[in-house]
Amino acid sequence: MATDTNTLQAIISHAKEYGFIFPSSEIYDGLQAVYDYGQMGSELKKNIKDAWWKSMTQLQDNIVGIDAAIFMHPTTWKASGHVDNFNDPMIDNKDSKKRYRVDHLIEGHAEQLKADGKEKESEDLLAAMDALIAKDDFAGLKDLIDSNKIKCAISGTCNWTDIRQFNLMFSTEFGSTASSDDADNKIYLRPETAQGIFVNFLNVQKTGRMKIPFGIAQIGKAFRNEIVARQFIFRMREFEQMEMQFFIRPGTQDEWYEFWKAERLKWHLSLGLPAEKYRYHDHVKLAHYAKAACDIEFEFPIGFKELEGIHSRGDFDLSQHQEYSKKKQQYFDNDVDPATGKPYGNYIPYVIETSIGLDRMFLAVMSNAYMEQDLSTAEKQDSRVVLKFPAKLAPIKMAVLPLTKKDGLPEIAAGIINSCKSSFRCFYEEKDSIGKRYRRMDALGTPFCVTVDHQTKEDNTVTIRYRDSMEQERIPIDKLKEVVLQAIE
Ligand code: GAP
């Protein structure tokens, strides 16, 4: 499918209007590439998180979860390679000596073009920049700056240095005596959660008596000073990752890599997301830690893009931590090697990593669910916006709607909610006509609406309306819980 920025725009507006996602600190005009999850968004996000956690820990025999701190000893990032290798391009003006992030400089020029009414030129410039950044083509970026005669805001000249690398990690100072030029106190906001797992490898292995192969899973925030950050929650500066490091015997990496590639795709499909929106993409250009890497790509409104990464990391991380910490990161394997008839003995395990962005998964679920449906008939024009979330992930599972605000109907509705709310999220709504309330629940992605009417008082039945088919049927109140629970299992 071609890139569909209109759909992305519609999703962004819908997400804001219905309390899923707000720009961060919006009253101060927001903060680029940082977002807040609202009352509906935080429920959806939590449901995705819970589904991942359950499938990666509870349903596995040999994977446990941890929750490591965001702050880590600064040497962690030296050992992991992030201090030296986790970079983006920047450029200096030779006259003013001012340093610019290349993307900021070009974006500033694009803004100016737009303000001057040259929208097409502005868009073309940004598209050219994104393509060059994706290829790490610094010479091409420099040519782009030169050919567009982009000037320094201070000197007003186009006298630029070559482009150099800029580290993507955010840093801050640690401790009460910190000052910004005290390098010893510099501490990083973690750019991935993985290192919190590696430095705890032996703690977990020993205290949990884990036997290889085993995994450690974690969900948590990560921070990157991203260079291209204009795609809503697809690329954020503060985001959340769901990562799992699977520790294995060296030599078994190829089979485990294939295993986790297949296993992770199965998880996505088990949530009810369509297979045709997924594909694998094998990496040619590998990250500094990887021996082999593959993306699980999803067809977002902006095209097929990386949703999750599966990486064969070898013993890179544990070896690096062993070298920098001077603490052995070995495992003693007393299983017998059939080739020698002796135990495998001591080794630094290899690692297969699965790493998915929670926010990106949120966008995948949201963009797959978002539909604008024309419901017009010969008699009347009609339409609806509906979020067809898998029931398991929907923020609200069941809305209970009394037909009127009187005659005891609200009390019956409240009773239904009280009997179900410990099992799943319910919602009560009595304002507006039933039709309008259905539409609002469609827009929030609520799979079941239950209407309490006067007949309910006579026979204890209610109308249940199914979001996707919009069909309605009458069922006894005491069957409701079962219907909903079956759908969200
Ligand atoms: N530990 C390995 C690692 O961090 P990565 O490919 O850089 O690998 C893994 O990131 C996943 O994290 C990506 O597939 C993506 O879903 C998510 N991710 C990375 N950068 C992101 C960003 N700036 N905003 C949102 N999600 C991001």
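Start by selecting L409, P410, A413, I416, I417 and C420, the buried residues of α13 (buried means under 20% relative accessible area with a 1.4 Å probe, protein chains only). Look down the axis of α13: these buried residues fall within an arc of 120°, so they line one face of the helix (the arc is that of the directions from the helix axis to the C-beta atoms). An α-helix has 3.6 residues a turn, so residues three or four places apart point the same way.

You are viewing a predicted model, in which local features need pLDDT of at least 70 and side-chain atom pairs count only at pLDDT 80 or more, while totals for chains, interfaces and linings use all residues. Residues are numbered from 1 along each chain as its sequence is written, and side-chain values use heavy atoms, without hydrogens and water.

Next, show what covers that face: the elements include β19 (398-402), β21 (448-452) and α16 (480-488), with contact meaning heavy atoms within 4.5 Å. Helices (H or I, at least four residues) and strands (E, at least two) are DSSP runs, numbered from the N terminus.

Now select F20 and M361, which touch the most other members of the 66-residue largest nonpolar core (buried Ala, Val, Leu, Ile, Met, Phe, Trp, Tyr and Cys residues joined through side-chain atoms within 4.5 Å). Colour helix α12 (residues 358-369) too, as it gives the most to this core, 8 residues.

Finally, go to helix α11 (residues 316-325), where the buried residues include F316, L318 and H321.

Technical notes:
Buried < 20%, exposed > 50% of the residue type's maximum accessible area, 1.4 Å probe, protein only.
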